[in-house]
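Subject: Structure handover

Hello,

Here is the structure I promised to pass on. Please open it first, then read the notes below.

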Protein chains: 2
Amino acid sequence: MNATVNRQILLVEKPTGKLGPEHFKMSEGTVPEPKDGEVLVRARYISLDAANRAWMHGATYRAAVEANTVMAGGGIAEVVSSKAPGLSPGDIVFGDTGWQDYAAVPAKHLTKMPRMEPMTHLLSIYGIAGLTAYFGLLHVGKPKEGETVVVSAAAGSVGSIVGQIAKIKGCHVVGIAGGKDKCNWLTSELGFDAAVDYKDGATYKALRAAAPKGIDVYFDNVGGDILEACIALMNNRGRISCCGAISQYDGVPSATGPRGVPGLIVVKRLIMQGFIVMDYMNERDQALKDLQSWVASGKLKVQEDVINGLENTPQALIGLLAGENRGKRMVKV
Amino acid sequence: MNATVNRQILLVEKPTGKLGPEHFKMSEGTVPEPKDGEVLVRARYISLDAANRAWMHGATYRAAVEANTVMAGGGIAEVVSSKAPGLSPGDIVFGDTGWQDYAAVPAKHLTKMPRMEPMTHLLSIYGIAGLTAYFGLLHVGKPKEGETVVVSAAAGSVGSIVGQIAKIKGCHVVGIAGGKDKCNWLTSELGFDAAVDYKDGATYKALRAAAPKGIDVYFDNVGGDILEACIALMNNRGRISCCGAISQYDGVPSATGPRGVPGLIVVKRLIMQGFIVMDYMNERDQALKDLQSWVASGKLKVQEDVINGLENTPQALIGLLAGENRGKRMVKV
């Protein structure tokens, strides 16, 4: 890497249908100079998330990403030089540094992270993915021992942790994932009680068989038909933790919502609750303590999917949207 | 009324489309003899509710009503004779006595009511309608002073009370109702801040104008397109109290749900929660105390729509589903 060149990946146009490599372009900029209050960081690991694709649709909990700008994305970076108090060269930070080698970022938009080995854990189990799973399951879904928990995108970064935490809490856990290999992995390696392959069709029937006592907590990463099937199988007073809607991100979002809303919501007294992990950051220390103890005792397995090279970031996201990854996908810059 | 004849209205077939008079038949049975544990009651007022129609679709929070049986329905009745401890001739009770003059009912399925004038208040403000409005708004929707509350079917038995309680709690209140007359009534008589006529079309635009700061609490009686419009206008951390889905009851229920589920639920961190008033009965005394004090002080107006004659019950329900009524509709037997 040449320290005078800043490789950058631009979003050249917003996709109207499926995301493809043609929507990105590698470019070279200069290494920026940090202003007062800013630090210059060098990207180490860039996080890939289905939400990256959702940002292209418009403003969500953040501003939309725009065409002909550096593609937005969170990651772990190292401070190169600092014009801000509290951050020094060599510090490890988390923040939205975008898909590029270097970025000058206001220090207030960065979170200082502890040094740890492997550093990748800062993006997986101890990062947004782990905390999303923790808060979305325990604070929103509120599973009780013996209840049935279903999670979709179960082999993904968040889902694979959700299911394992639900097992730690004594629940009957069913994962929904695409393909036999992923499903086998969930039951044989991660301890899920059952897995349903949505690519098999007949998801409703398979789910009903896998959750014979009905669903008490559904952790929804996907929306669409799978949400519809789960609503129909929810028990009275069940909770649906709405984390994401991956089925709607890559392409044209569906013009309709799931059947059963609001009819079954009323009859079964369900709670559907959306959440964003950032809302729970004041309880982060307790979450990290729990996650660390579960990892240390071997109750929680950390699965990462690290791809090498900034230039491979577009394909890494395209592949993630197609369901290639197991666990947390990231790019090592 | 001849005390040896029991007039009964049967549901002769379950409607597949709109409910009509052809789905009912007046019949004459005998006055039943109560068994041990039962009481014989004479119906005084039969409650008409949109939910009556929903029961014809299948099991909900109660068993489905079946063809060629007496149509189910709650109401206020007077005990004629009793084979159960705790209930005596002359007592006033609430229960599902069906659309008929007389019924023998297990005492455990009846609730003894106080004598009051007018007795009709036991079905409106101090009955299921008033309690549904109270708990659904205050315990599920949880409005705070200064927030914007929107309620659909706002001129109906529940909606007209929801809006008035929200005003008592210091909220900006918008009602959605069908027709100019109802809308005028909501603002001029019941003190709503604004009303939106959904028959005018352009509900989304009219709502946006009536709720310029967005919606914090939406009390949903209707589902469908109006729910979809409200979801799009909800503020972050808004609450949707799911009480009913009237738009889906009379005819073929829609094969899809509202757009924005779950996408906007996630992004806006919304809570959608279904409820059934029966779940809150242990807090009924406090609710009745509040409702009584608001009625006594003139802050809460009670609107009733009483139709005479058991034989008119089918048409009373058909008309209610078409939006004829203002406030609580019931039939005086």
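In chain A, 18 residues of domain 1 are in contact with 17 residues of domain 2. On the domain 1 side of chain A, α1 (50-54) and β16 (328-332) are the elements that give two or more residues. The largest share is four residues, and it comes from α1(A). By class, this side of domain 1 has six nonpolar, seven polar and five charged residues. The domain assignment puts 5-124 + 303-332 of chain A in domain 1 and 128-278 in domain 2. The C-alpha centres of these two domains of chain A lie 28 Å apart.

Please keep in mind that this is a predicted model.

Next, the contact of the two chains. Chain A gives 33 residues and chain B gives 33 residues. On the chain A side, α7 (263-267) and β14 (271-274) are the elements that give two or more residues. That side has 18 nonpolar, ten polar and five charged residues.

How are the copies related? A rotation of 179° with 0.0 Å of shift along its axis superposes chain A on chain B, with an RMSD of 0.1 Å. The two copies are thus related as by a two-fold rotation axis. The same surface serves both copies, as 100% of the contact residues of chain A recur in chain B. Within chain A, Gly257(A) comes closest to the rotation axis, at 2.1 Å (C-alpha).

β14(A) and β14(B) pair in the antiparallel sense over three bridges. There, Gln273(A) stands opposite Ile271(B). Within chain A, β9 (148-152) and β10 (172-177) pair in the parallel sense over five bridges. Val151(A) stands opposite Gly175(A) in β10(A).

Now a helix pair in chain A. Helices α2 (128-141) and α8 (284-296) of chain A pack at an angle of about 100°, with their axes 10 Å apart. α2(A) and α8(A) are therefore roughly perpendicular to each other. Gly130(A), Leu131(A), Tyr134(A) and Phe135(A) in α2(A) meet Arg284(A), Ala287(A), Asp290(A) and Leu291(A) in α8(A). The residues of this contact divide into five nonpolar, one polar and two charged.

Last, some pairings of β1 in chain B. Strand β1 (5-11) of chain B is joined to β2 (24-30) of chain B by seven bridges, and the two run antiparallel. Arg7(B) has Glu28(B) in β2(B) as its bridge partner. Two bridges join β1(B) to β4 (69-70) of chain B, again antiparallel. The bridge partner of Leu11(B) in β4(B) is Thr69(B).

Best wishes

How values were computed
Residues numbered from 1 in each chain as written. Chains lettered and ligands numbered in written order. Predicted model: local features only at pLDDT ≥ 70, side-chain atom pairs only at ≥ 80, totals over all residues. Axes fitted to C-alpha atoms, helices over the stretch in contact; angles between N-to-C directions. Parallel < 35°, antiparallel > 145°, perpendicular 65-115°, else oblique. Contact = placed C-beta atoms within 7 Å. Nonpolar A, V, L, I, M, F, W, Y, C, P; charged D, E, K, R; others polar. Domains from an automatic or database assignment. Pairing = 2+ DSSP bridges. Least-squares fit on C-alpha atoms with pLDDT ≥ 70 in both.
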